[in-house]
Amino acid sequence: MVLNWIWIGLLAVAFMMAVARSLFYGDIAIWSEIINSSFSQAAFAFEISLGLTGVLTLWLGIMKIGEKGGVIEFFGRLISPFFTRLFPGIPKGHPAMGAIFMNISANMLGLDNAATPMGLRAMQEMQTLNPEKEKATDAMIMFLVLNSSGLCLIPISVMMYRAQGGAANPTDIFLPILIATAIATLAGLIALCIKQRIRMDGVIWSWLAGIGGVVALIVWFFSQLPSDKVELYSTFAANAILFGIIIAFIIAGISRKINVYDTFIEGAKEGFKTAVMIIPYLVAILVAIGMFRASGALDAFTRMTEHCVAFLGFDTEWVGALPTMLMKPLSGSGSCALMLDVMKENGADAFVSRVAAAVRGSTDTTFYILAVYFGSVGVFKTRYAAGYALFADIVGAVAAVVVSYFFFY
């Protein structure tokens with residue numbers, strides 16, 4: 001329901017902005033810009049789905065090998081004490097547990113291409129337990145919010161963009177992003193535990209403490225490296241782990257004496273079907289976002305916010321990153337483009353550019369995740385998923401701004 005009203009709201013605001021610009025500024029070209037944006041966004045949605053087809057085919061094939069080889073079941077048992085508390089609706093040892101673990105692990109390593117297929121697999125497994133196929137379960141919502149908050153230990157893409165933008169030290173954003181994304185994830189997790197009446201017992205807190213310890217260890221390790229080696233080693237670690245997972249899955253399949261190749265093909269066929277299924281959901285949300293942005297509503301809100309912040313007597317240097325902040329839940333490519341635009345206009349090492357980069361890496365793309373994951377299993381009654389995901393987004397964005405002031409101002 002929330003997603004329904006957000007979608008309507010984006011279109012309604014775009015229409016009202018177009019009317020206002022035509023009546024008060026004589027800008028009748030805005031109507032063409034908005035409609036052209038709808039066409040280009042619809043084509044872009046199809047391109048995303050087409051691009052995902054190969055990735056989904058590959059990783060759902062690999063996941064099928066892992067499933068039949070017993071690896072997914074092993075990971076499910078490994079994290080069972082923690083996940084059975086966060087996902088009480090999923091039976092202990094269910095394949096969904098292992099798929100959820102693999103997805104969250106891939107997200108932590110910044111491996112978006114691997115995380116999405118694993119996440120879709122997790123959604124498909126959870127859907128088998130869903131008594132109301134069109135309505136999201138509590139477990140699905142918990143999973144979606146954890147994905148949206150986007151705990152990422154190695155923000156490779158943001159560091160890469162800063163390097164391309166000419167930053168003197170592209171990796172200086174590493175620690176601020178790590179802190180902001182950890183805060184966003186913790187906020188989303190605690191809020192959902194309260195909403196779903198999940199008791200935060202000693203097991204949950206001990207696992208959270210363990211994850212916090214891993215974050216602290218990573219912070220310590222990378223703080224010891226020369227700045228020019230951080231991106232090199234983080235990229236190496238992420239890709240080496242990913243390739244190691246593929247080899248481990250294949251070895252597990254061989255040890256179970258399954259036909260690894262045929263199993264891969266069996267899983268790969270599911271990838272194509274899933275890519276086709278998500279097209280309508282992506283078209284719907286991306287067209288609305290494109291029309292909202294083309295109408296000038298985003299720029300108008302940024303200007304209004306800057307005036308309000310100045311009136312209240314606060315520093316306004318961060319406001320230049322607000323478009324990136326607002327676009328991040330709506331569109332990953334859009335927020336990336338806005339971040340790059342900020343770097344182009346102000347220089348990659350300007351304070352506002354660093355804030356934009358921190359915001360870009362603090363959380364994931366909420367509405368893309370909602371559209372793709374829920375769309376892949378035909379769920380359209382998303383209940384409170386969007387609201388709690390946006391709460392995590394807001395917390396992450398605010399944390400990114402505050403931490404940037406601490407590190408860079």
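Colleague: Which residues make the nonpolar surface patch of about 460 Å²?

Modeller: Keep in mind that this is a predicted model. The patch is made by Phe-15, Met-16, Ile-28 and Trp-31.

Colleague: Take Trp-31, then. Where does it sit, and how exposed is it?

Modeller: Trp-31 belongs to helix H2. Its relative accessible area is 34%, so Trp-31 is partly exposed. The cut-offs are under 20% for buried and over 50% for exposed, with partly exposed in between.

Colleague: H2 also holds Ser-38. Is Ser-38 buried or exposed?

Modeller: Ser-38 has a relative accessible area of 9%, so it is buried. Helix H2 covers residues 29-68, and Ser-38 is found there.

Colleague: What does the side chain of Ser-38 reach?

Modeller: It reaches the backbone oxygen of Ile-35, at 2.5 Å. For contacts from elsewhere in the chain, leave aside neighbours within four places in sequence: Ser-38 is then in contact with Val-287 and Met-291.

Colleague: Which of the residues in H13 are buried?

Modeller: Val-287 and Met-291 are among them. The buried residues of H13 also include Leu-282, Ile-285, Leu-286, Ala-288, Ile-289, Gly-290, Phe-292 and Ala-294.

Colleague: How do I check the span of helix H13 against its 16 residues?

Modeller: Compare the expected span with the distance between the end C-alpha atoms. The expected span is 1.5 Å times one less than the number of residues. Helix H13 runs over residues 279-294, so its 16 residues should span 22 Å, and its end C-alpha atoms are 22 Å apart, which agrees.

Colleague: And which residue with a positive phi follows H13?

Modeller: Gly-296 follows H13, and its phi is near 90°.

Colleague: Let's move on to salt bridges. What's the general idea?

Modeller: Side chains of opposite charge can pair when their charged atoms come close. The count here comes to eight salt bridges, with a side-chain nitrogen of Lys or Arg within 4 Å of a carboxyl oxygen of Asp or Glu as the rule.

Colleague: What is the N to O distance between Lys-68 and Glu-266?

Modeller: The side chains of Lys-68 and Glu-266 meet in a salt bridge at 2.9 Å, N to O. This pair links distant parts of the chain: Lys-68 is in helix H2 and Glu-266 is in helix H12 (residues 260-277), 198 residues apart. Lys-68 has 36% relative accessibility and counts as partly exposed. Glu-266 counts as partly exposed too, at 36% relative accessibility.

Colleague: Which residue does the side chain of Arg-85 meet in a salt bridge?

Modeller: Asp-201, at 2.6 Å, N to O. Here, too, the pair links distant parts of the chain: Arg-85 is in helix H4 (residues 80-86), while Asp-201 is in the loop between helix H9 (174-195) and H10, 116 residues apart. Arg-85 is partly exposed, with a relative accessible area of 29%, whereas Asp-201 is buried at 12%.

Colleague: Which residues are linked with Arg-85 in a network of salt bridges?

Modeller: Arg-199 and Asp-201 are linked with Arg-85 in that network.

Colleague: And how about Asp-349 and Arg-354: what N to O distance do they show?

Modeller: Their side chains meet in a salt bridge at 3.8 Å, N to O. Asp-349 counts as partly exposed, at 30% relative accessibility, and Arg-354 is buried, with a relative accessible area of 16%.

Colleague: Where does Cys-152 lie?

Modeller: In the loop between helix H7 (138-149) and helix H8 (156-164). Cys-152 counts as buried, at 11% relative accessibility.

Colleague: Is Ala-209 buried or exposed?

Modeller: Exposed: its relative accessibility is 52%. Ala-209 is placed in helix H10 (residues 202-223). Ala-209 and Leu-146 are 17 Å apart in space, C-alpha to C-alpha, and 63 residues apart in sequence.

Notes. Residues are numbered from 1 along each chain as its sequence is written. This is a predicted model: local features need pLDDT of at least 70, side-chain atom pairs count only at pLDDT 80 or more; totals for chains, interfaces and linings use all residues. Side-chain values use heavy atoms; hydrogens and water are left out. Helices (H or I, at least four residues) and strands (E, at least two) are DSSP runs, numbered from the N terminus. Buried means under 20% relative accessible area, exposed over 50%, partly exposed in between (1.4 Å probe, protein chains only). A polar contact is a pair of N or O atoms within 3.5 Å; within protein, one must be able to donate a hydrogen and the other to accept it, and residues adjacent in sequence count only if both atoms are side-chain atoms. Contact means heavy atoms within 4.5 Å. Patches are made of residues with over 30% relative accessible area and no salt bridge: like charges are joined within 9 Å, nonpolar side chains (Val, Leu, Ile, Met, Phe, Trp, Tyr) within 5 Å. Accessible areas come from the Shrake-Rupley method with a 1.4 Å probe; for residues, only the protein chains shown count as cover.
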